[in-house]
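Q: How are contacts between side chains to be read in a model like the one shown here?

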Amino acid sequence: MYKLSDNHPDQSKQTGVVRQANSVGVGQTAEVHQAGRASHASHTSQASHTSHASQIGPANHTGAAGRRVYLDNSATTPQDYRVTEAMMAFMTETYGNPSSVHQFGRVARTAVEKARGQVADLIGATPEEIVFLSGGTEANNLAIQGVAHARANKGHHLITTAIEHHAVLDVMEDLAKNGYELTVLPVDSEGLVSVAEVQAAIRPDTILISVMHANNEIGSIQPIAEIGTLARENGVLFHVDAVQSLGKLPISVIDMNIDMLSVSGHKIYGPKGIGALYIRKGVKIKPMTLGGGQERNIRPGTENVAGIIGFGEACRLAAEGMGGAFAVELLRDKLLNGIVERISDVVVNGPLGDKRMPNNVNVSIKFVEGESLLLSLDMQGIAASSGSACTSGSLDPSHVLMAIGLPHEIAHGSLRLTLGKQTTEEDVDYVLEKLPPIVERLRAMSPLCDCAASQH
Amino acid sequence: MYSEKVIDHFNNPRNVGEIPDANGVGQVGNAKCGDIMRISVLVENDVIQDIKFKTFGCGAAVATSSMVTEMVKGKTVQEAMSVTNKAVAEALGGLPGEKLHCSNLAADAVHAALNDYTEKKMRV
């Protein structure tokens, strides 16, 4: 059993919160690191933790099993302990159904509506424009399918980009097989969409443009406000997948002329299984599920009350902590520059400067393969991810790395390290110490590399 | 996802490298799928005296390469030709399902090296 904070030694007793070291970094199935595997089996750790991450889980600490450094925060984040605290009552004594008339229900309803306001505040929306649902994937599905079906009488043309998440691309491609026409815009070598190309793609029968705010793999930030203006001028609805940017970049659905925006709880130190779709007042979308009328009939089903409360609190904390992005960016630069300085033949994937997410490092390390890198890093306690085919479950490397024009062998050697608010300079130093010898070892094994001495 | 044996062979691969005076070299796989294995052999009196590998690929690709070198070293050419990819995977205690079709090429690489040896011998 693991206490989250030295500063709050009695918290776990007071609230009965169960806190496990290895539940903080629950990775997606494609990742090979320890935190991801721990999500499939309960696990306790006796390791002591450092106090720097007192507000959120002890994702990174030194313990009996060696140091653990979680740099896969774009896959998921450790849940902030204040989020867990906010949720606890709604997983125990406050169990009413928000739709019920009695006081049990009313208490839950009040809390859900407060959380709706917290989510709305973070993106500059009004509470009634927020629909809670299960997460980013469902939000993207509902936005795109909902608009395509509601506006089928106006047109059948959809526009998106080649580097969207599969929760957008797959929905778009499915619609394209069922009577809709789809334009998938290319991106440049830095993973940026051209506003002029969006403009050129708009037709009289275009009903929807969907462009992600920030890319999950290479961290490129798209010109959302410019595309929003263009969409509004042309009477086309504009959907933005903001799962990666929420809480990290300023978002104003009004200023950016966004009609629908997908967001998720677990990317911002909130719970998994909760997200929201912002739908601008007046925008009609056809629900995918029918039932009891919750969430204005757009997403019926009894609310995930504890999840909603946690998501609301996570949004509140994100708004508070927005200024911390600069500190993360400094660490990111140290990590990125450190890798490029210490290892030869490294390609940086994605843009540099203010068009890159402040927490994203993505490099291709030539002559080595991504999964081998991840396995080797995992053995040193470092959690990362890769766009290699071996980690995608298919034979092809990431569609994002292909879209920015990387050759296959370079794409297979990609390494993504995504920092979080719990990341410390010691974490960065540890990675910079461990990564070069790992690369050297793998390169010594590689038939693509005659570089016996790859370090410089 | 990987067995302990796979992790052991990945961490401590046997017979890594290239034989300078090899009399058979074979390479399989391609960069597109992300796995390339190169095996060099030194065959004397029809017996594999030495074998080394170099592999670009995932954990399974490295481990199968390492394992196959152990399995065929000291064997006759004919014995080595009868070692299958399936047998290599089994010797490692199995591989995750998705790896069986993409990264399980090590026996093919040995066969390619031995075919190269046989062809060179016939030309002499």
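A: Start with one pair: Asp259(A) and Arg280(A) form a salt bridge, with N and O 2.6 Å apart; the term covers a side-chain nitrogen of Lys or Arg within 4 Å of a carboxyl oxygen of Asp or Glu. The pair joins distant parts of the chain, 21 residues apart: Asp259(A) is in the loop between β6 (237–241) and β7 (260–264), and Arg280(A) in the loop between β8 (275–279) and α9 of chain A. Helices (H or I, at least four residues) and strands (E, at least two) are DSSP runs, numbered from the N terminus. This is a predicted model, in which local features need pLDDT of at least 70 and side-chain atom pairs pLDDT 80 or more, while totals for chains, interfaces and linings use all residues. Residues are numbered from 1 along each chain as its sequence is written, chains are lettered from A and ligands numbered from 1 in the order in which they are written, and side-chain values use heavy atoms, leaving out hydrogens and water.

Q: Is Asp259(A) buried or exposed?
A: Buried means under 20% relative accessible area, exposed over 50%, and partly exposed in between (1.4 Å probe, protein chains only). Asp259(A) is buried because its relative accessibility is 1%, whereas Arg280(A), at 28%, is partly exposed.

Q: How many salt bridges are there over all chains?
A: Side chains of opposite charge can pair when their charged atoms come close. Over all chains the structure holds 28 salt bridges. One of them joins Glu90(B) to Lys86(B), with the closest N and O atoms 3.4 Å apart. These two are four residues apart in helix α4 (residues 85–91) of chain B, so about one helical turn separates them. Between chain B and chain A the count is one: Lys99(B) with Glu371(A), at 2.7 Å from N to O.

Q: How is an aromatic pair described?
A: A pair of aromatic rings is described by the distance of the centres and the angle of the planes. Rings of Phe, Tyr and Trp (its six-membered ring) pair if their centres lie within 6.5 Å; planes under 30 degrees apart are stacked, over 60 edge-to-face and the rest tilted. Two aromatic pairs are counted over all chains. Phe132(A) and Phe311(A) have ring centres 6.4 Å apart and planes at 70°, so they are edge-to-face. Both residues are buried.
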